[in-house]
Amino acid sequence: MAVFPAFFGLVLVSLVTGQTVEITPREAVRRVGDNLTVLCKVSYPIDSCRMTVGSTPYRLIPSQQDEEVVYSGQGLQFGECGAHIKHIKEEWNGNISCMLPPPSGSIEVTGIMRLVVAKPPANPQLISPPQSNFKEGDIFMAQCIVPNGRPVAKITWFLDDDQFLTGVHQPIITSEPGIDLETISQNITKELSADDNGKRLVCRAEHEALDSPREAARQLVVYYPPKRTEAGQITIFGLKIGSEGRLNVTVRANPPPEAQWTVGELVLAAPQKNEDSSITALEPVHLGGGYYNVTLVLTAVAKEDVDRTYYLRVTNDLGREEFALRLSTMDEPAGVQLSPGAIAGIVVAILLLITLVSLTVFAKATDRWCFADQESRDQGKSSGESSDTESAVGRQKSRLSQLSARVRAVLPKGRDRVQATGNTEVEPENVADEKKSVVYAELALGDQNAEKPLPPSTEYAEIVYTDQPPQIKENKE
């Protein structure tokens with residue numbers, strides 16, 4: 001029965017601690033000799049403040065500031081119990097606890113934070129295959145180990161100055177029983193290429209206890225067959241008849257390449273000259289980074305030299321590459337050099353543009369496609385500007401013909417025309433010939449479409465005729 005009250009008391013203490021004490025920070029990493037301030041705070045005034053740093057307890061009083069661990073905070077009356085540690089020691093690695101009186105009762109409330117006293121790890125170790133060189137396409141594997149750090153170190157991989165990210169495995173962290181030091185190891189896998197030749201593979205270890213990172217590295221040596229730096233046939237520009245001519249070709253290779261030139265029936269393996277020393281094949285010159293300059297020298301360029309093709313074969317233990325060269329006495333053309341594919345694309349684009357313009361002109365000329373609707377709209381608009389009658393009649397030619405028939409039916413004939421003008425004053429002949437009289441006749445249009453009747457409307461037709469002299473009118477009567 002005594003076990004249950006003890007267990008209940010521990011649970012009560014933990015509940016009180018978790019609910020009432022606020023401790024800042026929760027975790028901190030410091031070097032030996034650094035300082036640290038830890039603050040425990042409750043929401044009520046307190047009358048005492050105790051801290052345990054490592055295995056040493058301290059009773060902190062605001063007025064005493066001469067010890068290694070002293071009080072820090074606004075005051076006990078504000079519920080603050082803080083400790084300022086002036087110089088951190090190695091043995092203080094672990095927990096720091098603060099004990100404060102409760103708001104009621106006799107059980108102290110506690111807050112706990114974690115102090116990690118940083119300890120630098122040992123030097124990084126780079127483990128890789130023992131062979132001195134590799135071939136292009138080989139799978140290269142390496143491992144970096146950084147042992148015994150507190151906290152654990154951080155590993156970063158580099159190829160020269162570029163961070164290496166692809167092929168990096170997850171790190172593995174281990175520790176030995178009984179010690180709080182941790183060891184980290186990490187593996188990488190990479191397929192080697194010609195671009196990796198000569199680069200330094202670096203394993204870099206970073207740690208809070210180090211002023212600068214530590215590194216372990218090895219240089220990669222990658223062998224690969226000769227590679228050209230430009231595609232297709234090579235043209236050497238700017239040569240002059242009668243002057244010296246140099247045919248330069250840049251290749252990549254490792255190990256160093258051997259060069260062989262073919263000039264007509266003549267074959268020269270560098271370094272070699274022909275019988276009269278008019279043609280010299282120079283030994284390839286290393287430019288650095290696996291690049292080589294291969295040169296053929298012509299003592300005096302002749303016309304027949306411009307008309308022939310020169311062939312170069314570059315070989316090493318892993319393969320070969322062949323080149324064809326032509327000479328030109330013209331200057332090298334300036335501007336952007338377009339590939340055949342780019343030229344073909346430009347030609348296709350021009351043809352498509354011409355086709356589109358032709359179709360547009362054809363459609364406009366024949367009132368087809370989108371231009372047919374536009375033409376109808378334009379005609380409707382122009383007829384609508386004339387008058388209401390012309391707008392209504394202009395939509396359909398059939399309605400125009402029907403309207404004309406109705407107008408002819410209601411026009412006055414002979415005597416009717418005389419009566420219509422009986423009250424008109426007699427004017428001079430020259431004025432009468434020019435003057436027009438207008439009579440409006442109201443036309444009630446019948447159904448123009450048997451299937452779809454038109455809305456009721458009244459339309460007017462403008463009837464224009466010429467007044468006749470009175471004498472002519474009497475003769476007619």
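Student: In the largest nonpolar core, which residues touch the most other members?

Tutor: The model is a predicted one. Its largest nonpolar core holds 28 residues. Membership requires burial, here under 20% relative accessible area, and side-chain atoms within 4.5 Å of another member. The residues that touch the most other members are L36 and I96.

Student: Which strand gives the most to this core?

Tutor: Several strands supply at least two residues each, among them β3 (36–41), β4 (50–53), β6 (69–72) and β7 (80–85). With 4 residues, the strand that gives the most is β9.

Student: Leaving aside neighbours within four places in sequence, which residues are in contact with I96?

Tutor: Contact here is taken as heavy atoms within 4.5 Å. The list includes I23, L36, V38 and I85. I96 is also in contact with M51, T52 and V53.

Student: What is the bridge partner of C98 in β9?

Tutor: Strand β8 covers residues 94–100 and β9 covers residues 109–117. These two strands run antiparallel and are joined by 7 bridges. In β9, the partner of C98 is G111.

Student: Which strands stand at the edges of the open sheet, and why is one side of each left without a neighbour?

Tutor: The sheet has 5 strands with mixed pairing, in the order β2-β9-β8-β4-β5. Each edge strand has a single partner, so one of its sides has no neighbour in the sheet. From one strand to the next, the twist averages 20°. The edge strands are β2 (27–30) and β5 (56–59).

Notes:
Residues are numbered from 1 along each chain as its sequence is written. This is a predicted model: local features need pLDDT of at least 70, side-chain atom pairs count only at pLDDT 80 or more; totals for chains, interfaces and linings use all residues. Side-chain values use heavy atoms; hydrogens and water are left out. Two strands pair if DSSP finds at least two bridges between them. Axes are lines fitted to C-alpha atoms, for helices over the stretch in contact, and angles run from 0 to 180 degrees between N-to-C directions. Buried means under 20% relative accessible area, exposed over 50%, partly exposed in between (1.4 Å probe, protein chains only).
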